[in-house]
Amino acid sequence: MQLQQLQYFVAVAETRHFTRAAETVHVAQPSLSQQIRALERELGADLFLRARGNITLTDAGEALLPLARRILADADTARHEVLELVQLRRGRVRLGATPSLCTGLLPDVLRAFHDRYPGIRLMIEESGSHDLVRELARGALDLALVVLPLPTASPALTTVELLREDLVVVSSPESPRPGGGRRAVRIADLEGERLVMFRHGYDLRELTVAACRAEGFEPDFAVEGGEMDAVLGLVRAGLGMAVVPRMVAARSGRGLRVTPLARPGLSRTIALAHRSDVAPPRAARELQRMLLER
């Protein structure tokens, strides 16, 4: 049974005339009649009583008519739904990102994406790169913004470098300037300073601690275990200083002093990742394009 056969059947049932039905569906009358006969053979029953100038439905035809209309309506709905998705009128994007990127990079890009495709639902998951890689691998995310290098090698993922971002030191304007007031501070200048530190699993935590140890000292934590907003709030309150991405510092508003790190400083590489074995959905590919062209 084919949708085209059902369409021809409904046209004949509604016009009660084979020639007029053929004109309605824009097909030659012999072709329409042939398809109706093929449908009757498939169903094992006549659908029409054919008398000169009088076409009526058989009992089988009466039973089939509401079902055929429903099937054709469902097929039309399915076509419409898929067309909307292909044309980016509906759908969803599941995007993972580290909390600092949700604060610094994503707001402007997601606003532009939403303005262009208001029917696409955006689902954001904040987590560290390690967790995001795991969620990508199991198919729970379409795309993820991660910090390179990845915590574990993952040949099942494709990564495209997006940007390199400098890290800066933020502190309260009410507290002494880091590094004795120099315009740029070295990592070594953080020895003995009280730091507000992110929770375990944050890429920034691992990066900062590794940089301090490379200079031969263990960082001193005034407070640890916070998310990005909590860390910035604690720094504003004067509990200590923190190493954060430049974009986050730029968007954090008043109440923070921003001091760059002296060369070579610290930076991180942000990449866009997706599964290698599955192409991202159309809406996710469009968001990927906007992120790469930002």
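What accessible surface does the protein have, and what percentage of it belongs to carbon and sulfur atoms? Then, which residues in the largest nonpolar core touch the most other members?

Modeller: This is a predicted model, in which local features need pLDDT of at least 70 and side-chain atom pairs count only at pLDDT 80 or more, while totals for chains, interfaces and linings use all residues. Residues are numbered from 1 along each chain as its sequence is written, and side-chain values use heavy atoms, with hydrogens and water left out.

The accessible surface (Shrake-Rupley method, 1.4 Å probe) is about 15,500 Å², and 49% of it belongs to carbon and sulfur atoms. Of the 294 residues, 44% are buried, that is, under 20% relative accessible area.

Now the core. A nonpolar core is a set of buried Ala, Val, Leu, Ile, Met, Phe, Trp, Tyr and Cys residues joined through side-chain atoms within 4.5 Å. The largest one has 29 residues, and Val170, Ile187, Phe198, Met228 and Val244 touch the most other members. At least two residues of this core come from each of β6 (157-171), β7 (194-198), α8 (203-214), α9 (228-236), β9 (242-245) and α10 (246-251). These labels number DSSP runs from the N terminus: helices (H or I) of at least four residues, strands (E) of at least two.

Take Val244 as an example. Leaving out residues up to four places away in sequence, Val244 touches Asp166, Leu167, Val168, Val170, Phe198, Met228, Leu232 and Ala249; contact means heavy atoms within 4.5 Å. Another core, of 25 residues, lies apart from the largest one and includes Val93, Ala97, Leu101 and Leu110.

Key. Buried means under 20% relative accessible area, exposed over 50%, partly exposed in between (1.4 Å probe, protein chains only).
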